[in-house]
Amino acid sequence: MSTHTNPPTPRERLVVVGNGMAGIRTLEELLAKAPDRYDITVFGAEPHPNYNRIMLSPVLAGEKTFEQIVLNGRDWYEANGIRLLTGDRVEVIDRANCTVTAISGLTVPYDKLLIATGSTPVIIPVPGSTLTGVVGFRDLADVDTMLEAAARGGRAVVIGGGLLGLEAANGLKVKGMDVTVLHLMDTLMERQLDRSAGALLRHELERRGITVLTGADTAEIVGSEKVSAVRLKNGQELPADLVVMAVGIRPNTTLGKAAGLACGRGIQVDDAMTTSDPAILSVGECVEHRGQTYGLVAPLFEMAKVAAARLAGSAEAAYTGSVTSTKLKVTGVDVFSAGDFTGGKDCEDIVFRDAARGVYKRVVVKENRILGAVLYGDTKDGGWYFQMLKDGTEVAPVRDTLIFGQSFGGEGAANPKAAVAALPDSAEICGCNGVCKGTIVTAITEKGLSSLDEVRAHTKASASCGSCTGQVEQLLALTLGDGYAGEAKAKPMCKCTDRTHDEVRRAITALDLKTIPDVMQRLEWRTPDGCHHCRPALNYYLLCEWPGEYKDDSRSRYINERVHANIQKDGTYSVVPRMWGGLTSAKELRAIADVVDKFAIPTVKVTGGQRIDLFGVKKEDLPAVWADLNAAGMVSGHAYAKGLRTVKTCVGSEWCRFGTQDSTGLGVKLERMTWGTWTPHKVKLAVSGCPRNCAEATIKDLGVVCVDSGYELHVGGNGGMHVRACDLLVKVETEAEVLEYTGAYMQLYREEARYLERTAPWVERVGLDHIRRRLVDDAEGRAALNARFLFSQSFSQDDPWAERANGSVDRHEFAPLAQVG
Amino acid sequence: MDQSISWITVGSVEDIPRQGSRVVRTGFGDIALFRTVADEVYALEDRCPHAGGPLSQGIVHGARVTCPLHSWVIDLASGEAVGPDEGCAGHCPVRVVDGAVQLGLAAFRPGRGGCGHG
Ligand SMILES: Cc1cc2nc3c(=O)[nH]c(=O)nc-3n(C[C@H](O)[C@H](O)[C@H](O)COP(=O)(O)OP(=O)(O)OC[C@H]3O[C@@H](n4cnc5c(N)ncnc54)[C@H](O)[C@@H]3O)c2cc1C
Ligand code: SF4
Ligand code: SF4
Ligand code: FES
């Protein structure tokens, strides 16, 4: 038995600056490994014990109380012998003497120091940013300010459409404020979400009554003492009682910098979480590791583990950086994103859209490994993808079903027919028309239906957007067994979808789809942004369906329509000014000659449609060429467009000895009415003054042959690769009737033909009888079609040259970005 | 490899329309810069390997562009023609630093195909 005991070895002194998530997590880990090694002092600038900062959003939304988000109460500090100094900000680190001094004047010595000061919100330095009523979203004090403002009602403007901004916006909305989110980019949460998911999120927020303004650049916060409004660079002013700035965070390096520690964007640490001073470690948002800073808790916890191990004496523990994932904490909006989802070299995009459930998933795979994932609406597999991403798991074996998630594989899911068979009779099959399985099966058996069309006719199932077509077919197969031959499959639009052109058009109308991303989402496109086949078609279908409302997407147009000139084999362009009905004048010809000289245009040619084509114009010269032609009163001839090109005429009764009517004058009227329209393919009209038909009117999309007693209208002709003579549609007596029939015919073609289908194949496909029925037999229908045509024309008869010649549209198209070397 | 390249700033990402492209005139001929829907930036020689069409004028979809002349589809990352067609537009290292687009022109590799690129 020994007679004296050794005095206890004095414990080392550990001081922690920052009572937040990373600092205290480090202590938790440390206490688990080496409970007795240190005398610990914690300084926290906030007056509270350690709480779960990420739960401030639910506190704001009223879903949680502050007590519920406290992680370690004061009793925890006491139980572990930790001295906690709250509301006391550390001001100075004296590295020479190894002490820290806080604002209260208290000085505490250390053997080891841990800096975990987190970050501070970025406040954009616009005028007014220091007014009362402008807050960040960082700590409980900010939440209290917001809750007070919300209690008074009124309007809130949230600057920043990222994770924090949207959580603030949602919370304030739930608390009854009128909320507008201003976001500089055009996609919300653009760092976490791709455009499709961003668009879905935006719809959801708008559905909740939150206004979202993208591309919104704040110029000033207005107010004398308290904020009253936010003014944007474009001059728009938004009244505001509260402004929340959530545009980003900046690592809080103030203390570290003042102490002379190596700092970049954050306090620099090595893999041991040690700063440039071996006695000082740092963790959390305030650090920079291998050039990276982090703003999410998962990596901070990984850092905490390493720092704790090092403090406990390990020489091995090392932090090597983190891959992060994000979830949005807005109740009822499920968003998940991880890794790099931008795609790129050798990447494969696997996209899944389930419109009915509002689900969008995108997994980016490179060399058989997951590089990134974006999930919207159904995030339950987020963790699974994220784990495989972090582990670099080889996904080739599950490649085919990867996108369906972890639980995929049961018989029901793998075999769609079995899945439909397993549904109860009451299961809704067709969402658009509310038709359930029982109704369809009964109709098939009782009415003896045997094809999709019949089911559509009798039950309406699959007759609108068509997204249930597959299931209806399976019901036919199940009910009829071998008696069902299957459908002669119409070809899908392109490889991005299984839908046919007709199905897509029906869906645009039935589901009220107004943008290309909307269509792709609802109709479950397989690619992120389509291809050169479907995008121009969708752009046209939307333009046709929503005149005056749909905003044309120039990126979904072929080059000719984008720059309003014809590209030629050497990359130069040709330009065709419009000559109404083929008429021109000395003034116009002179202007054309001048342009030819001025721009050294090499070739001038008369086209097959009686217009003048100027060949070999350099792209940069286009705006100037147009400006000169515009100045002489000439507008674009749309010789490049899937639209009305020319109305060819003969001289008619004005000069020709055979002429029966004024064919030139009628041609001019027709061209004035139809120019500027967008159609599925190019359209050419012609008017001949007598049956000698000098304008070759019977091989045009629509040709008028004047006769003594009136006008013969011929349709569906084509002088192209497959020559087709027109069919005679009808004979009418007046010019007014010619105009009405023409408008109605154009509109019917616009509404029914598939993109890039000229009138000749369209007429053959639907049959002349159908066209007669719609245009000749149905006077009311004809008038309605014509009215729709004229309505749409009221938005489209702008000269595309003028707005480009004056530089107000697409200026970037015509100038190189730079000249180097 | 990045260290050995000298980078020249030619403009900002925002100067290139998304799903579109801009041309940079260089001593090696025109280089087309593309920006995809996901905001990736790529640089290819502005000549289609088929018959020299200006790729910058095509429709950009995913990380591909369709040539405006005869609709060959070219992979933006490699410059290679996709699927049954064969040929490669030259490509040039490109990177984006703080929104600035930088070309590694010295490492430009010309293409091969039917238009005399060998
Ligand atoms: C509203 C909100 C929602 C969030 N949602 C999520 C989410 O869903 N998922 C996610 O992963 N992350 C989320 N985060 C981010 C996450 O909260 C942070 O990444 C994490 O809290 C950072 O931990 P930290 O310890 O580095 O900093 P903090 O937790 O900020 O702790 C730093 C502490 O240091 C104190 N301090 C600073 N300087 C001094 C000084 N000189 N002396 C004494 N004390 C000082 C500060 O007062 C603060 O309490 C969210 C953040 C906020 C604000
Ligand atoms: S079509 Fe008849 S009216 Fe016209 S130019 Fe020929 S002959 Fe004369
Ligand atoms: S027919 Fe038309 S497309 Fe063909 S080469 Fe002649 S001008 Fe060109
Ligand atoms: S030149 Fe590009 S496809 Fe022919």
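**View 1. Three-stranded sheet of chain A in the predicted model.** Strands β6, β7 and β8 of chain A form an open sheet in the order β6-β7-β8, with antiparallel pairing. Strands here are DSSP E runs of at least two residues, helices are H or I runs of at least four residues, and both are numbered from the N terminus; two strands pair if DSSP finds at least two bridges between them. Because β6 (90-94) and β8 (107-109) of chain A each have a single partner strand, they stand at the edges and one side of each is left without a neighbour in the sheet. Neighbouring strands of this sheet are turned by 20° against each other on average, direction ignored. Axes are lines fitted to C-alpha atoms, for helices over the stretch in contact, and angles run from 0 to 180 degrees between N-to-C directions. This is a predicted model, in which local features need pLDDT of at least 70 and side-chain atom pairs count only at pLDDT 80 or more, while totals for chains, interfaces and linings use all residues; side-chain values use heavy atoms, with hydrogens and water left out. Residues are numbered from 1 along each chain as its sequence is written, and chains are lettered from A and ligands numbered from 1 in the order in which they are written.

View 2. Antiparallel strands β6(A) and β7(A) are joined by four bridges, and A:Ile93 stands opposite A:Val100 in β7(A). The hairpin of these two strands has four residues between them, and A:Cys98 takes a positive phi near 55° there. Strand β7 (residues 99-102) of chain A is joined to β8(A) by three bridges, again antiparallel, with A:Thr101 opposite A:Thr107 in β8(A). In the hairpin of β7(A) and β8(A), which also has four residues between the strands, A:Gly105 has a positive phi near 100°.

View 3. Five bridges pair β37 (residues 710-715) of chain A with β38(A) in the antiparallel sense; in β38(A), the bridge partner of A:Tyr711 is A:Val732.

**View 4. Interface of chain B and chain A.** The contact (heavy atoms within 4.5 Å) takes 35 residues from chain B and 35 residues from chain A. The two chains bury about 2900 Å² between them, 56% of it on carbon and sulfur atoms; buried area is the accessible area (1.4 Å probe) that two parts lose on being put together, summed over both. In chain B, B:Arg25, B:Gln57 and B:Ile59 lose the most area to chain A, together 24% of what that side buries.

View 5. Two salt bridges are counted between chain B and chain A, where a salt bridge is a side-chain nitrogen of Lys or Arg within 4 Å of a carboxyl oxygen of Asp or Glu. The side chains of B:Arg25 and A:Glu620 meet in a salt bridge, with 3.4 Å from N to O. Strand β39 (residues 818-819) of chain A pairs with β2(B) in the parallel sense over two bridges, and B:Val24 in β2(B) is the bridge partner of A:Ala818.
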